Amino acid sequence: MTDVTEVSEAGHHLLSLVPKAEGKQSMKDFKSDQEVRWCPGCGDYAVLAAVQGFMPELGLAKENIVFVSGIGCSSRFPYYMNTYGLHSIHGRAPAIATGLATSRRDLSVWVVTGDGDALSIGGNHLIHALRRNVNLKILLFNNRIYGLTKGQYSPTSELGKITKSTPMGSLDAPFNPVSLAIGAEAGFVARTIDSDRKHLTDVLRQAADHQGTALVEIYQNCNIFNDGAFEALKDNEQAQDAVIRLEHGQPVRFGTDHTKGVIRNPTTGDLEVATITPENTPHVLVHDAHTTNPTTAFALSRLADPDTLHHTPIGVLRSVQRPVYDTLMADQLDTAIDRNGKGDLTTLLTGNDTWTVVG
């Protein structure tokens, strides 16, 4: 018999009963026999390798892991994982994954989506999955462009972006995915970069450990239609001043020799980037990813300049526990069972307010 991993939450039923793997697993076990068909040099390759390399750490039976995707370059992901998978319809991956996760609590359910798939046609499905706090892990690949349909602007493209669909420049203000997720009350929100394997894997590990919805935005390079979009965050010299690495419990400092930091303005209460001096050192923010109030996490998410991405926080912005939808639903189903162990669906649906129409 397979072992079972039991994850519980105070006052609730067991959250998941995902069978563990029999024997030790390796990265090779999670590679499918399908040819990987992305453009050479695409950032998706790096993310795929990181996920395949990380999956053995979970120690879960492959047949109890499911990857659900929508439409887009990233959405080919399920083909390349030697697990169960669903390549679904445009924008609807969170809805389909919600049904799967709530009806099959013995599964580890992952959603793979892109900035267009998740934030345009799928925007409504995404925010409701986040607010419900379904036990899903959502990987949002953000390349700030529509790659599969050949280079149109997306909901995360910067203002003035010239593309095939915006030849005079985009007029749309871009979404900030982590701000959106925090605003939708997501319990776990993080950001990482495709080419930073160590950081990406660490964030995936924390997302997997979280009970409830975890959203991870992954900056992913599209070298064909939006090459170099995140170069400021990847170039060793530029990244020193551009990237703010968040670690829970640590002062938020960055830059060469950590000479810059994030402080809270004592007058306005706003978060600001400043050069660290003996006078303002006491005001340097200490990152608390576990605080219940989302205000500071949201303020951190707004530091990045939407055009240049200067001062972009990466890491876990928020990680708090909330009641999990799957567990709450299971509680209601248990309550609906009568003393004989049988549920009366008709009585449950109709309630006491019924009428008989006589013709």
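This is a predicted model: local features need pLDDT of at least 70, side-chain atom pairs count only at pLDDT 80 or more; totals for chains, interfaces and linings use all residues.
Eight strands form an open sheet of mixed pairing, in the order E4-E3-E5-E6-E8-E7-E13-E9. Strand E4 (84-87) and strand E9 (243-245) stand at the edges with a single partner strand each, so one side of each is left without a neighbour in the sheet. From one strand to the next, the twist averages 20°.

Within this sheet, strand E7 (residues 188-193) pairs with strand E8 (residues 214-219) in the parallel sense over 6 bridges, and Ile193 stands opposite Tyr219 in E8.

## Helix H7

Helix H7 (residues 197-209) packs on the sheet, where it touches E5, E6, E7, E8, E9 and E13, and its direction makes about 165° with that of E7. The 13 residues of H7 reach 18 Å from first C-alpha to last, close to the 18 Å expected at 1.5 Å a residue. Its buried residues are His199, Leu200, Thr201, Val203, Leu204, Ala207 and Ala208.

## Salt bridges

The structure holds 9 salt bridges, one of which joins the side chains of Arg205 and Glu57 at 2.8 Å, N to O. This pair links helix H7 with helix H1 (residues 44-58) across 148 residues, and both partners are partly exposed, Arg205 at 31% and Glu57 at 46% relative accessibility.

Another salt bridge, between Glu217 and Arg191 (2.9 Å, N to O), connects strand E8 with strand E7, with its partners 26 residues apart. Here Glu217 is buried at 0% relative accessibility, and Arg191 is likewise buried at 1%.

Conventions. Residues are numbered from 1 along each chain as its sequence is written. Side-chain values use heavy atoms; hydrogens and water are left out. Two strands pair if DSSP finds at least two bridges between them. Helices (H or I, at least four residues) and strands (E, at least two) are DSSP runs, numbered from the N terminus. Axes are lines fitted to C-alpha atoms, for helices over the stretch in contact, and angles run from 0 to 180 degrees between N-to-C directions. Contact means heavy atoms within 4.5 Å. The expected span of a helix is 1.5 Å times one less than its number of residues. Buried means under 20% relative accessible area, exposed over 50%, partly exposed in between (1.4 Å probe, protein chains only). A salt bridge is a side-chain nitrogen of Lys or Arg within 4 Å of a carboxyl oxygen of Asp or Glu.
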